[in-house]
Each structure stands twice: as C-alpha cells, then as structure tokens.
Amino acid sequence: YAVVGTTLQIVGETLSEAADLRAGQRVLDVAAGNGNATLAAARRWCEVTSTDYVPALLERARERAAAERLHGID
C-alpha cells in the first residue's frame with residue numbers, strides 16, 4: 001500500500017496543478033478517500049468540501065489535515 005499511497009498523493013498534487021487551483025477557490029472532492037486531492041487543494045489555500053461513503057476514510061483525511069495544520073476543509 002505504501003507505493004500506491006505515495007502514487008495517489010502525487011496524483012492529488014498533479015490534479016490540483018492541472019486544475020490551476022488558486023487561493024480562495026471552492027473545491028468539491030467527491031469520493032475523497034483519505035484526502036489526497038483534498039489536502040493538495042487545501043495546501044493551495046482553497047476551501048474544500050470532501051465526500052466519501054466510508055466515514056473512516058474521511059476521518060483519516062481530517063487527521064492528516066490537522067497534522068499539516070491545514071484549514072478550510074469540511
């Protein structure tokens with residue numbers, strides 16, 4: 001899983017770059033999982049709403065965001 005997790009983190013960053021996300025924009029991350037794209041957008045000072053049908057994955061994303069002191073995530 002470590003290799004897949006690292007790859008997905010890179011995909012989240014690449015997606016945020018490709019979408020040319022800017023500070024203050026609102027982002028909806030559908031099927032957010034543990035938050036790779038969510039965190040990448042939040043690192044760019046976007047306001048992010050994340051959804052997933054697995055509550056434990058969203059909780060993991062919240063924990064990761066807190067560890068990075070990221071804000072603007074719902």
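Predicted model: local features only at pLDDT ≥ 70, side-chain atom pairs only at ≥ 80, totals over all residues.

Residues are numbered from 1 along each chain as its sequence is written, and side-chain values use heavy atoms, with hydrogens and water left out.

Select Leu-21, Val-27, Leu-39, Ala-41, Ala-42, Cys-46, Val-48, Ala-65 and Leu-70: these nine residues are the largest nonpolar core (buried Ala, Val, Leu, Ile, Met, Phe, Trp, Tyr and Cys residues joined through side-chain atoms within 4.5 Å; buried is under 20% relative accessible area, exposed over 50%, partly exposed in between, with a 1.4 Å probe and protein chains only). Helix α2, residues 36–43, gives the most to this core, three residues. Helices (H or I, at least four residues) and strands (E, at least two) are DSSP runs, numbered from the N terminus.

Now pick Val-48. Beyond residues up to four places away in sequence, Val-48 touches Val-27, Thr-38, Ala-41, Ala-42, Gly-72, Ile-73 and Asp-74 (contact: heavy atoms within 4.5 Å).

Next, hop to the loop between α2 and β2, where Arg-44 lies. Its side chain reaches the backbone oxygen of Ala-40 at 2.8 Å. Leaving aside neighbours within four places in sequence, contacts of Arg-44 include Glu-13, Glu-17 and Leu-21.

Trp-45 is in that loop too. Its phi is near 65°, positive in a residue other than glycine. Buried or exposed, at 65% relative accessibility? Trp-45 counts as exposed.

Last stop: Arg-69, in the segment after α3 (55–67). Arg-69 is not a glycine, yet has a positive phi of about 55°.

Key
Polar contact = N/O pair within 3.5 Å; in protein donor to acceptor, adjacent residues only side chain to side chain.
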